[in-house]
Amino acid sequence: MKKHTHPLQPNTFYHIINRGINGEQIFKQLKNYDYFLNRYAHYIEPIAQTYAYVLMGNHFHFMIRTKTEAEVRTLIQRDDWNIQKIFSNQFAKLFNGYSQAINKQEGRTGALLEESFRRIPVETDAYLLHLAYYIHFNPQKHQFVTNFKNYTHSSYPALISNQKTRLARDEVINWFGGLDGFLGYHSSNKDLGHEWQQKYCGNDESS
């Protein structure tokens, strides 16, 4: 089994990462970002709570907590009940459905996303804080923007606003001791470095 592809466990925080085959762009047009998030909400909200995300040109990151088996049972009815298969099937439906939509849009064939997405358990409170920052900083890291706070395809704008959101905004802000703490942490220009990325992102510089 590839590293960071073990079956998802219930009631566990994860850093979810996937990217286009051979680094291919997965968001071909501006409208694709919203379409992906809508499909994500449809398939993943029944099985997981989302805390942070960023959609980049050829990859994406999400911070989620998988729901408990009892929570999932109230939303998804199956005869062959297996919580790990349900988690896997919901992500497969998201990725396969999105790939098919892009293939139709672009007149292409074949896979768009890597088959085995990475799912890295978040095991400490410090990792939660670093991961939120890392996800939001990603567009600046890859030089999409000069300031990640201006990037629109991430959870950062929603987390600092009062607008309605599907994100667990209050919980995230509380991790930092309040909005001022969240803003301060995200203004500290942290360099998490290669060692942090190797441990928590699978040592993939494209992420």
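## Overall picture

Of the chain's 207 residues, 47% count as buried (under 20% relative accessible area with a 1.4 Å probe, protein chains only). This is a predicted model, where local features need pLDDT of at least 70, side-chain atom pairs count only at pLDDT 80 or more, and totals for chains, interfaces and linings use all residues. Residues are numbered from 1 along each chain as its sequence is written, and side-chain values use heavy atoms, leaving out hydrogens and water.

The chain has 8 helices and 4 strands. These are DSSP runs: H or I of at least four residues for helices, E of at least two for strands, numbered from the N terminus. Their order is β-α-β-β-α-α-β-α-α-α-α-α.

## The core

The largest nonpolar core holds 58 residues. Such a core is a set of buried Ala, Val, Leu, Ile, Met, Phe, Trp, Tyr and Cys residues joined through side-chain atoms within 4.5 Å. F36, I47, F60, F62 and F91 have the most contacts inside this core. Helix α3 (residues 83–106) gives the most to the core, with 8 residues.

What does F62 touch, not counting residues up to four places away in sequence? Its partners include Y14, F36, Y53 and I135. Contact means heavy atoms within 4.5 Å.

## Contacts along the chain

Take contacts between residues at least 6 apart in sequence. Of these, 70% join residues at least 24 apart.

Definitions and conventions
Buried < 20%, exposed > 50% of the residue type's maximum accessible area, 1.4 Å probe, protein only.
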